[in-house]
Amino acid sequence: MGLFLGLGMAGIVLLAVSLVLDGVLEGVFDGALDGLFDGWLSLPVIAGFVSMLGFTGAIVLGSTGLGPGAATTAGAVAGAGAGWLTWRLSRALMRDGGGDAPHQDDLVGSAGTVVTAIPPSGYGEVLLRLAGQPVKYAATADGPLERGAEVWVTAAPSATSVRVRAVER
């Protein structure tokens, strides 16, 4: 029974180590194991297998009259199931990709507000929303625009500046 409980606890410790030292084991072997720890032989999968082997073995050994062989077999089956489930869950989480990062061309056509007045031949500042976040950009316009004016972005000549025109109502 002590061996099975020890395996169960070792699996939980291994899981904690894999969460804290994520990617360190791959770096230790200097690329010799590229891709090996990314799938079914990753530390979380091994930890799930070892902990389920230990805890299931201890439960079977303690609650039934079966011997260590049957407990080991039941633990290995439960461990294989936990390892497979961990592998599938980690693949699903890794596959969850976001969209592309916002680009300056995504600003063209968006509305904003002047926060620093734009002079006739110079830069002011406008507040725009990029990917839902408020961002300030340097802005130029054909004519002067006062603070608080609503504007449309007509061009994005650089990553930090835009060309705007006043919204006409």
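Predicted model: local features only at pLDDT ≥ 70, side-chain atom pairs only at ≥ 80, totals over all residues.

Helices (H or I, at least four residues) and strands (E, at least two) are DSSP runs, numbered from the N terminus. Residues are numbered from 1 along each chain as its sequence is written, and side-chain values use heavy atoms, with hydrogens and water left out.

**Around A141**

A141 is buried, with a relative accessible area of 8%; buried means under 20%, exposed over 50% and partly exposed in between, using a 1.4 Å probe and protein chains only. Leaving aside residues up to four places away in sequence, A141 touches I118, P120, R163 and V164, where contact means heavy atoms within 4.5 Å. Y123 is 18 residues from A141 in sequence, and their C-alpha atoms are 8.2 Å apart.

**The paired strands**

Two strands pair if DSSP finds at least two bridges between them.

| Strands | Bridges | A pair of partners |
|---|---|---|
| β2 and β3 | seven bridges | R129 and P134 |
| β1 and β4 | three bridges | G112 and V151 |
| β4 and β5 | four bridges | A155 and R163 |

Two hairpins are worth a look. The one of β2 and β3 has two residues between the strands, and A131 takes a positive phi near 55 degrees there. Another hairpin joins β4 to β5 through five residues.

In a regular strand the side chains alternate between the two faces of the sheet. Strand β2 (residues 124-130) has a covered face of G124, V126, L128 and L130, and an uncovered one of E125, L127 and R129.

**Two helices side by side**

How do the axes of α1 and α3 cross? Helix α1 (residues 2-20) and helix α3 (residues 43-63) have axes that come within 7 Å and cross at roughly 160 degrees. That makes α1 roughly antiparallel to α3, a term for angles over 145 degrees. The contact includes F4, L7 and L14 of α1, and I46, V50 and F55 of α3. Its residues divide into 16 nonpolar, six polar and no charged. Here Ala, Val, Leu, Ile, Met, Phe, Trp, Tyr, Cys and Pro count as nonpolar, Asp, Glu, Lys and Arg as charged, and the others, Gly among them, as polar.

Terms used:
Axes fitted to C-alpha atoms, helices over the stretch in contact; angles between N-to-C directions. Parallel < 35°, antiparallel > 145°, perpendicular 65-115°, else oblique.
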